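Subject: Structure handover

Hello,

Here is the structure you will be working with. Please open it and keep it in view while you read on.

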Amino acid sequence: MPLETQVSELAVSPSKGLDIQRIEKQLTSMWSEAGTAESSHSGVTRACTLNLIVYTTPEDDASELDELLNRVNEQHPGRTLILIVDRDAKEAKLDGYVSTRCRLLGGTGKQICGEQVTIEASGPTVETVASAVTPLLVPDVPVYLWWKDIPHYQDKLFDRLADTADRIVIDSSAFDHPHEDLRRLAKMIEDPHRELSVSDLNWGRLTSWRTLLASFWDVPDYRPLLDSIDTVEIEYVPPQSALGEIAPKALLLAGWLSSRLNWVVVDKRASKNERSAEFNLKCGESSVLLAFRRGQTANTGMLSSVRLSTKYGAASFYVGLHSGGTKLQTEAKLGAEHLVGRLLTYERRSEADRLSRELAFPGRDLVYEEALARGAQLIL
Amino acid sequence: MESTAIKENENPLRVGLRLEKTADPCTVIIFGASGDLTKRKLVPALYRLVQQRLLPAEFAIVGLARTEMSDDEFRSKMKEAVEQFSETKQVDPEVWDSFGQGVYYRSTDIGSTADFQKLGDLLDRIDRERGTGGNRLFYLSVAPRFYAQAVEQLGRAGLTKAKAGRWVRVIIEKPFGTNLESARLLNNQILQHLDELQIYRIDHYLGKETVQNLLAFRFANGIFEPLWNRQYIDHVQLTNAEAVGVEGRGGYYEGAGVVRDMIQNHVFQVLSLVAMEPPAHLGAEAVRDEKIKVMTAAREFTPERVKSDCVRGQYGSGSSGGKPVPGYREEEGVVSDSATETYAMLTMYFDNWRWAGVPFYLRSGKRLPKRVTEIAIQFREAPHQLFGAGIMEQVTPNQLIIRIQPDEGITLRFAAKVPGQITQIRDVNMDFRYGSSFGVQLAEAYERLLLDCILGDSTLYARKDMTERGWELVMPILEQWAENKREVPFPNYEAGTWGPAAANELIERRGRPWRRP
């Protein structure tokens with residue numbers, strides 16, 4: 001929780017634009033006020049590890065975002081630039097205010113603070129607002145763009161901000177049309193002219209699953225079995241926005257397996273029913289059956305289980321939700337005798353934690369990009 | 001662009017996973033399973049490693065102690081321990097059951113060959129049933145007098161030899177010997193059954209994040225290493241202070257004292273990381289080679305040096321945290337005329353090109369005002385003073401402080417002009433705190449060290465030569481102090497103060513005050 005938040009309105013107008021120097025001056029005076037305030041006997045530490053640009057819309061819950069950013073700021077203190085954009089409004093509007101977020105460092109009496117500039121833009125000013133953002137970036141530390149919306153394609157604002165950012169954070173679980181949006185996202189990342197570095201919060205949600213699946217083959221005795229996998233079954237619950245489509249998480253997981261294990265999509269099998277979709281894949285001479293099955297045991301858009309089996313069911317490796325989704329169960333079964341499994345707590349990370357994790361990595365995530373590309377091939 | 005190509009034998013699904021390291025299937029066998037360390041540190045650390053998915057499902061723990069107990073009794077004791085001593089607090093019964101299935105207990109007499117044969121049979125059974133693959137980590141958390149015997153029994157039962165492609169490792173707790181002779185003897189005894197590469201002598205200080213960060217700080221930054229020598233550094237102060245007394249361990253402490261308990265192991269380990277040359281690479285042997293190299297350059301303590309460069313102390317009654325506390329001699333298990341030191345200050349020099357003439361002041365003690373471990377690097381004064389003496393009154397030379405506990409972090413102290421019409425210069429601190437810059441919970445030292453051992457990384461463990469060198473250096477001090485027990489009238493510092501006056505006088509005579517941490 002912030003110990004103290006100072007807020008100061010900026011005098012701006014669409015015709016004059018934002019006075020960058022004035023914003024910087026205002027932030028400086030807020031720092032010196034914070035340093036001399038009665039509450040800060042031991043001084044204030046300004047910490048800046050990154051710039052975070054948050055693109056959001058007026059429909060977003062501002063207090064929820066505020067709470068989330070407080071928590072993110074604890075792990076990644078820095079400058080946050082919030083852009084609240086109303087594209088549908090007719091009237092041109094440009095508002096801004098600056099604030100600092102401070103919290104007390106345990107037992108030391110010291111405060112650690114980050115700073116925030118909020119800009120509200122609507123109507124025609126949306127096109128030009130990027131020019132007010134870029135000069136406000138703190139030099140020498142990375143720039144992250146958290147696009148709290150479906151990525152806009154051929155959009156000036158997105159393009160300008162994406163060009164500036166070292167990494168763009170999106171969330172494919174919030175896509176309205178998952179299949180179409182995933183395809184477009186894959187295409188955008190593949191575009192060699194753009195060189196976008198994208199993080200997907202939904203990919204972060206798969207980390208536990210990927211870790212547990214990968215850990216089966218950390219065991220040297222199981223390693224050879226990885227080459228004889230011939231069936232993959234992924235059970236998921238479709239996203240609320242598109243009940244007929246495969247959840248992005250399931251597609252990303254399948255894409256990840258096929259890119260890591262060099263499986264190539266051959267064709268889609270005729271559907272047995274609307275609750276499942278099956279694909280034939282090839283790895284050299286061997287065939288792999290990839291089946292997506294709709295389940296009900298998880299929340300919408302989530303995975304319920306993944307099972308990989310070798311020929312004739314000689315060995316199978318399973319990860320699945322357990323106890324109403326609060327735990328994950330793993331099972332490695334070799335023949336009739338050997339069965340090793342365990343039950344682990346499924347720690348659902350908060351949105352703030354997920355975002356914080358993404359902010360720790362500035363470079364490109366090639367494994368994600370390859371998984372997305374393969375996943376998108378399944379829904380061409 | 002970084003490649004995602006797979007190297008030979010690499011698990012293709014592991015590529016790009018942000019999970020740093022993965023461990024082989026294995027069984028951890030704890031000697032002294034009914035003891036405090038097992039319940040406070042070891043089992044909670046292993047439970048957390050499992051929950052963090054850092055250990056595979058093919059994992060088991062076998063507890064060994066003399067006490068008669070069933071597997072289930074041991075499991076329920078360990079469950080209580082995890083709830084009491086780990087952050088996890090409330091352990092989910094189902095999750096615990098899944099973990100507990102891999103927890104076993106055997107009542108074992110270290111003197112009984114038959115018990116070790118039975119242990120071998122049990123471990124083979126666990127390998128078959130739980131797929132632990134024959135990899136074994138024996139953790140000796142027993143009284144030091146049993147170390148050699150336990151290893152000998154393991155050796156005789158054929159348990160120190162690994163099957164092809166598997167490993168057997170042994171972690172040995174501190175203290176490693178009580179003097180040079182006993183440390184050498186112990187090394188010789190255990191090396192009859194084990195290879196040095198199988199031996200992991202634990203020093204939990206090395207598991208702390210800031211100690212590891214010392215390597216990153218010194219060798220990943222371009223700006224500090226050029227200053228890290230006699231030309232720019234005036235002296236180094238290493239403070240290792242505890243606020244507590246002997247906490248009911250008076251009996252043990254009487255035979256130990258702070259030099260044996262803290263300095264020859266923990267303090268020397270940290271010191272060697274501060275003073276060593278850059279290693280060729282970060283491999284365990286390369287780092288440990290450099291550590292021993294610099295400790296070999298440490299100036300020996302001659303009788304004259306013990307007199308002039310070392311100070312010992314023992315606390316008398318006083319107060320700690322606002323409440324009255326007894327003196328050391330009034331503690332349980334301590335004799336009323338005890339000559340055991342609870343405080344020691346050592347002045348060290350490294351006779352090499354980098355450090356010639358730079359004193360390293362070390363102090364370690366119990367019942368000091370607060371618990372703190374820090375290294376303060378004091379730089380030389382600016383070569384020419386532009387500002388007058390009055391202006392510089394409040395200014396001390398630049399200091400770099402590396403805090404190891406609590407509140408791990410780094411502070412750089414430099415002078416800055418106080419804003420205003422008058423020229424006035426004051427010290428300001430630039431702080432880096434782990435907690436604030438990364439906001440992450442730092443792993444418990446035991447978690448890190450146990451995982452490292454399972455992964456076969458011995459960088460953070462003490463090698464044979466280092467343990468012996470530690471003893472070699474302190475033996476003249478211990479011997480001289482033992483011979484002249486009554487030379488210093490004990491107690492000579494009040495509990496809750498920064499040690500005996502002689503320690504302040506020694507450093508101040510050389511024009512350098514102790515830093516108040």
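Below is what was found in it, one region at a time.

Note that this is a predicted model.

**The open sheet**

Start with the open sheet of 8 strands in chain A. The strand order is S11-S12-S13-S10-S14-S15-S16-S17, and the pairing is mixed. Strands S11 (264-268) and S17 (338-345) of chain A stand at the edges. Each has a single partner strand, so one side of each is left without a neighbour in the sheet. From one strand to the next, the twist averages 15°.

Helix H8 (residues 207-216) of chain A packs on this sheet. H8 touches strands S14, S15, S16 and S17 of chain A. Its direction makes about 155° with that of S15(A).

Now find strands S10 (residues 229-236) and S13 (residues 286-294) of chain A. They pair in the parallel sense over 6 bridges. Tyr236(A) stands opposite Arg294(A) in S13(A).

**Around strand S8**

Next, go to strand S8 (residues 167-170) of chain A. Which way do its residues point? Arg167(A) and Val169(A) point one way, while Ile168(A) and Ile170(A) point the other way. All are buried.

S8(A) pairs in the parallel sense with strand S7 (residues 143-147) of chain A, over 3 bridges. Here Tyr144(A) stands opposite Arg167(A). S8(A) also pairs in the parallel sense with strand S9 (residues 198-200) of chain A, over 3 bridges. There, Ile170(A) stands opposite Asp200(A).

S7(A), helix H5 (residues 156-164) of chain A and S8(A) make a right-handed β-α-β unit. S8(A), helix H6 (residues 178-190) of chain A and S9(A) make a right-handed β-α-β unit too.

Best wishes

Notes: Residues are numbered from 1 along each chain as its sequence is written. Chains are lettered from A and ligands numbered from 1 in the order in which they are written. This is a predicted model: local features need pLDDT of at least 70, side-chain atom pairs count only at pLDDT 80 or more; totals for chains, interfaces and linings use all residues. Side-chain values use heavy atoms; hydrogens and water are left out. Two strands pair if DSSP finds at least two bridges between them. Helices (H or I, at least four residues) and strands (E, at least two) are DSSP runs, numbered from the N terminus. Axes are lines fitted to C-alpha atoms, for helices over the stretch in contact, and angles run from 0 to 180 degrees between N-to-C directions. Contact means heavy atoms within 4.5 Å. Buried means under 20% relative accessible area, exposed over 50%, partly exposed in between (1.4 Å probe, protein chains only). A crossover is right-handed if, with the strands pointing away from the viewer, the path from the first strand over the helix to the second runs clockwise.
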